[in-house]
Amino acid sequence: MPTSAAPIRVVLAKVGLDGHDRGIKVVARALRDAGMHVIYAGLWQTPEAVVRTVADEDADWLGLSLLSGAHLTLVPRVLHLLHEAGLDDVGVLVGGIVPEGDVAKLQEMGVARVFGPGTPLPEIVDFLRGHRRASHA
Amino acid sequence: MATATDRSAVERWERENAAVPLRDQPPTTVSGVPVNALYSPESLNSFDPETDLGYPGQYPFARGIHASMYRSRLWTMRQFAGFGTPRQTNERFRFLLEKGQTGLSTAFDLPTLMGLDSDDPRSLGEVGRLGVAVDTLEDMHQLYEGIDLGQVSVSMTINAPAIIILAFYLANARNQEVDWSQLRGTIQNDILKEFHAQNEFVFPPEPSVRLVADVIEFCTEHVPLWNTVSISGYHIREAGSTAVQELAFTLADGFHYIDTCLARGLDIDAFAPRLSFFFNAHNDIFEEIAKYRAARILWAEVLRDKYHAQHEASWKLRFHAQTAGCSLQDRQPEVNLIRVAYQALAAVLGGCQSLHTNSMDETLALPSEHAVTLALRTQQVLAYETGVTNTVDPVGGSYFIEAMTRQMQQQGRQYFDRIEQQGGMIDAIERGFFRREIADAAFAYQREVDARRKLIVGINAFQESEESPIETLVIDETVEKNQVAALGRIKAQRDALAVGQALAKVRRVAGTSENLMPALLEAAQARCTVGELMNALADVFGRYDGAAKW
């Protein structure tokens, strides 16, 4: 029941080994400036650690950033672990370099949205505002 | 200064200029620095061409580090390449040499960059994907097989495990009977910018810098033509810094390496000439040119006046440039060809010694052969068709360029002071100074783009509703399996006792102030892996957990 006044809770994490964190840090600031509660878990997060953070933080959204090309290996593992933890209603976003053909694959697996390079920040903010997690809505 | 007639001309221009409204907001550089409507002799107070500008090849090297620059020798066209197994990358290297490339530049995959073996669980999905996987000396052998290492200069982009990879390279050269005195090339070996920007660090800052200094010390004595560090602003800029931050943080990193080596008792003139630099070539042509010039002037000044280097070679800042990956867009990717061409022009007008031009498809995937060829052709057109190489430093003396070069020097010095105020390089890293500065700049830039105060073709202006996809390189999924299998075979065949002894020796030496290179050379021959050696060093140095500062 938390009213719409309760801030949207977002966990952001870099999964895998790549250290490109310019994008995720810029997004973190924009979401925070838009009034959301943002937890940036940092670099080199394993799928297991990410899902623990999501559970601990009672997040509405999980944003994963990858610019390494390992998205088809790592994202399905995160989705699987979320499912096992009963966290299917957490919305999952992917940001980074994802080839066109892989975007559809990730969305079929259950990713809500893939944001590529050059996405305007207001577009990300609006998307998150428009979709609350079912159990929090 | 100005005569009576000059004055009236200036006043008339000021009147006429003020009468016409600006096309849009007052212009700023890509870094957000305001730019005046006009630059004139008055923009250059007490500028003395003889001392402030000087001559090419002479202090303060504003006009370039060589007397005749590209009239005698073009820059080295050096395209960064690497993917898949060492054999696949070896094929790409031979392809590039055949197309007229004049030096090699090696990209390693993320597990190798982070010091992990291909069979490490954390490497899953990343083996051979963004670069070539190197686990053992065998891989190093395959990577450069059939290429004469005594002839071709080889650059290797790696940092945290740099000393290990260089040990493999030197061991391989020895096995190929190439004398180390003939080896020409560069190992990036610049760990400080990893803490500021790129995040490929493993050990804490101090032992990390010790490894950098071990490489400098060893090569100074044994591999005299090798560039021991490529002090890099490139990644700082890619992480979102301004041009001045790129310039200042990079030079400050260089000064810290110098301080470390001097504290060991090395002679400045013995090692300073083999320190090299690596800068970004971003969109703003004149800002970039001014950045390269300011970098040369500041480096020369500090090396001569603070460190008292006696040899001109120690004062000369030599640099590689790469066009800005972060400026490439995934919409209308062919337009990237044009961005890259202008960026390459800036690097050449700025006097670079070598250049990598990005391929148009790099926001989508690793470059295809077609895209790499076009990127190399871009440099060849610049070198042979445009005439920019005909005279030395064609932009020198431009009021605008000289005013910006001066401004960059002043702002660079201000950053040197601020770093000192933080307690020096290591303390500034620990306090998150660099990360905060860079993140603030990255955020400010993105806000400018979102507000359409900065326009990007295809992104917030001139979009196409329908785009035709371009063909991109697909990495074969069997690469990881093959590399892991090859590593398994080597581990099964090697002498386990020798491996254990070599690792124990590395651990022991790591705990002393002795140079680690000799122990690592032995470990390379014993077929110790990159991951095993990194673990041995981590046993002594510990691991650094990069704080998630934003």
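What share of the contacts in chain B with a separation of 6 or more is accounted for by residues 24 or more positions apart? I looked this up in the model, which is predicted, and found a share of 77%.

**Entry on the whole chain.** I counted 23 helices and 10 strands in chain B. I then checked the radius of gyration of chain B, which is 24 Å; the globule rule gives 24 Å for 550 residues, so chain B is as compact as a globular protein of that length. I noted that the C-alpha trace of chain B spans about 85 × 60 × 45 Å along its principal axes. For burial, I found that 50% of the 550 residues of chain B count as buried.

**Entry on the sheet.** I traced an open sheet of 5 strands in chain B, with the order β1-β10-β9-β8-β7 and parallel pairing. I asked why one side of β1 and of β7 in chain B is left without a neighbour in the sheet. The reason is that β1 (76-77) and β7 (229-232) stand at the edges, each with a single partner strand. I recalled that strands of a sheet pair through backbone hydrogen bonds, either parallel or antiparallel.

**Entry on β8 and β9.** I looked at strand β8 (residues 275-281) of chain B and found 5 bridges joining it to strand β9 (residues 319-323) of chain B; the two strands run parallel. I followed Asn280(B) to its bridge partner in β9(B), which is Gln322(B).

**Entry on the helix.** Which helix of chain B lies across β8 and β9? I identified helix α13 (residues 285-305) of chain B, which runs at about 165° to β8(B).

How values were computed
Residues are numbered from 1 along each chain as its sequence is written. Chains are lettered from A and ligands numbered from 1 in the order in which they are written. This is a predicted model: local features need pLDDT of at least 70, side-chain atom pairs count only at pLDDT 80 or more; totals for chains, interfaces and linings use all residues. Two strands pair if DSSP finds at least two bridges between them. Helices (H or I, at least four residues) and strands (E, at least two) are DSSP runs, numbered from the N terminus. Two residues are in contact if their C-beta atoms, placed from the backbone, lie within 7 Å. Axes are lines fitted to C-alpha atoms, for helices over the stretch in contact, and angles run from 0 to 180 degrees between N-to-C directions. The radius of gyration is taken over C-alpha atoms; the globule rule is 2.2 Å times the number of residues to the power 0.38. A residue is buried if 20 or more other C-beta atoms lie within 10 Å of its own, exposed if 12 or fewer, and partly exposed in between; C-beta atoms are placed from the backbone.
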